[in-house]
Amino acid sequence: MLKALADLIVYRLFGVAADSRLGDSLDFFFYDTMKIFLLLLVIIFAVAIIRSFFPPERARKLLGNRREYVGNFLAALLGIVTPFCSCSAVPLFIGFLESGLPLGVTFSFLISSPTVNEVALVMLWGLFGWEIALIYVVTGVVLAFISGIVIGKLKLEHLVEEYVYQIRMGESEIHEPTWRERYEYARDYTKDIIKRVWLFVLVGIGLGAWIHGYVPVDLVVKYAGPGNPFAVLIAVLIAIPLYSNAAGTIPIVQALVEKGMPMGTSLAFMMAIVAISTPEMIILRKVIKPKMIAIFAGIISVSIIFIGYLFNFIFARMAFLIK
Amino acid sequence: MEIKVWGQDCSYCKKLFYSATEALADLNLSAEVEWVEDVKEILSHGVMSSPAMVVNGKVKVAGRVPSRAVLRKMFEEEK
């Protein structure tokens, strides 16, 4: 239905020829824009309602003082549904450790929270389909689970600032919001997110549409294709400074995938954009020493690069088997 | 009335501070909103999410920015 509407706008209303490059790009732009904004509205609202049931204080209670493995897994899952802004990273970090939670489990939460984010989810769902969105979520949880376990095994407790262990947390009863409050929270949150990302979404889809219509396949395959063994590594390095711009970059990635960029390289790129969160790391400096931030960033980067090569291998094998 | 807004250097936190100040002005109350950044203080109330607002020692807001009307109601309850 949206496709028909996009066709109507471009070919009838604007009178652009259907088989021209311009028509192709414009049609792509209108269709994707409508789809993404519709999905943003519905999914972010739904996610916000779910999140109103899982404030960080409840996540802390649910995690209790669980040990490794089960704790890492649960923390990675809670990271998805607990509302979290990187400005809360410090109290959350201290609160989790204070309740007796191991350092590695705390990090599983801190990694999964920005990685599996609702904007990236919408963009992937809308542009790549639900299968890729699901692969993304599962990979994000696995990344958080494994990185947290590695951090736990490295025994880095001495790299946490001393004052952290001296703070005692008070008791609070969790205020259970009414449905009206949940609705208001979800409505404001959705409005806020859309206000923040709409321009990036438009520019991203615009650039994607331009690539779709104008950039030749050979060019993408030559530089980012399966023939370049360093593609995943370079993709992750480019992604680091793009933090928080999942909205603007995913449409471009989608266009590049269509032109021959392998899926593993693309997944690694998108994951690095959200998981290697510079603002979160700057804030975490208040509770952990610089050396630990470097270790933390290093473990995530290496894991994502590994994930990229792994998926390139898997997708290539799948394509081979299907043929 | 003792009002504390706890936050970090983020736009949501500042928004709560200004909304609370405006809500007080709407009610013509003379109380002041105190800005707190010390993490110990917010944790002592059992809260881990910012921004948060504590009025007369009671946690009124945690991890969200309520509308000015809602803030006004909170202040009137505690007046």
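Residues are numbered from 1 along each chain as its sequence is written, while chains are lettered from A and ligands numbered from 1 in the order in which they are written. In this predicted model local features need pLDDT of at least 70, side-chain atom pairs count only at pLDDT 80 or more, and totals for chains, interfaces and linings use all residues; side-chain values use heavy atoms, with hydrogens and water left out.

Helices (H or I, at least four residues) and strands (E, at least two) are DSSP runs, numbered from the N terminus. Axes are lines fitted to C-alpha atoms, for helices over the stretch in contact, and angles run from 0 to 180 degrees between N-to-C directions. Contact means heavy atoms within 4.5 Å.

Helix α7 (residues 118–128) of chain A packs on helix α12 (residues 246–258) of chain A at about 25 degrees, with the axes 9 Å apart. That angle makes α7(A) roughly parallel to α12(A). Angles under 35 degrees count as roughly parallel, over 145 as roughly antiparallel, 65 to 115 as roughly perpendicular and the rest as oblique. The crossing of α7(A) and α12(A) is right-handed. A crossing is right-handed if the near helix is turned clockwise from the far one by less than a right angle, and left-handed if anticlockwise. From α7(A), residues including M123(A), L127(A) and F128(A) meet α12(A) residues including I250(A), P251(A) and V257(A). By class, this contact of α7(A) with α12(A) has twelve nonpolar, one polar and no charged residues. Here Ala, Val, Leu, Ile, Met, Phe, Trp, Tyr, Cys and Pro count as nonpolar, Asp, Glu, Lys and Arg as charged, and the others, Gly among them, as polar.

Helix α4 (residues 70–81) of chain A meets helix α6 (residues 103–115) of chain A at about 30 degrees, with axes 7 Å apart. So α4(A) is roughly parallel to α6(A). Their crossing is right-handed. Among the residues in contact are G71(A), A75(A) and G79(A) of α4(A), and G104(A), S108(A) and S112(A) of α6(A). The contact of α4(A) with α6(A) has six nonpolar, seven polar and no charged residues.

Helix α6(A) also packs against α8(A), at about 155 degrees and with axes 7 Å apart. The two are therefore roughly antiparallel. Their crossing is right-handed. The contact includes F107(A), I111(A) and T115(A) of α6(A) and Y136(A), G140(A), G148(A) and G152(A) of α8(A). By class, the contact of α6(A) with α8(A) has seven nonpolar, eight polar and no charged residues.

## Salt bridges

Side chains of opposite charge can pair when their charged atoms come close. A salt bridge is a side-chain nitrogen of Lys or Arg within 4 Å of a carboxyl oxygen of Asp or Glu. The count comes to 19 salt bridges over all chains.

| Salt bridge | Closest N and O atoms |
|---|---|
| K35(A) with D32(A) | 3.8 Å |
| K289(A) with E162(A) | 3.5 Å |
| D26(B) with R72(B) | 2.6 Å |

K35(A) and D32(A) sit in helix α2 (residues 21–51) of chain A, three residues apart, about one turn of the helix. Both are buried. Buried means under 20% relative accessible area, exposed over 50%, partly exposed in between (1.4 Å probe, protein chains only).

K289(A) lies in the loop between α14 (278–284) and α15 (290–322) of chain A and E162(A) in the loop between α8 and α9 of chain A, so the pair ties together parts 127 residues apart in sequence. K289(A) is partly exposed, with a relative accessible area of 23%. E161(A) is in the loop between α8 (130–153) and α9 (179–214) of chain A. At 16% relative accessibility, E161(A) counts as buried. Not counting residues up to four places away in sequence, E161(A) touches R285(A), K286(A), V287(A), I288(A) and K289(A).

In chain B, D26(B) lies in helix α1 (residues 11–26) and R72(B) in helix α3 (residues 68–78), so the pair ties together parts 46 residues apart in sequence. D26(B) is partly exposed at 34%, and R72(B) is partly exposed at 28%. Salt bridges that share partners join E22(B), D26(B), R68(B) and R72(B) into one network.

## Backbone geometry

Most residues other than glycine have a negative phi, and most peptide bonds are trans. The peptide bond from S50(B) to P51(B) is cis, with omega near -5 degrees. P51(B) lies in the loop between α2 (39–44) and β3 (52–55) of chain B.

Y69(A), not a glycine, has a positive phi of about 65 degrees. Y69(A) is in the loop between α3 (56–63) and α4 of chain A, and is partly exposed at 43% relative accessibility. N56(B) has a positive phi near 45 degrees. N56(B) lies in the loop between β3 and β4 (58–62) of chain B, and is partly exposed, with a relative accessible area of 34%.
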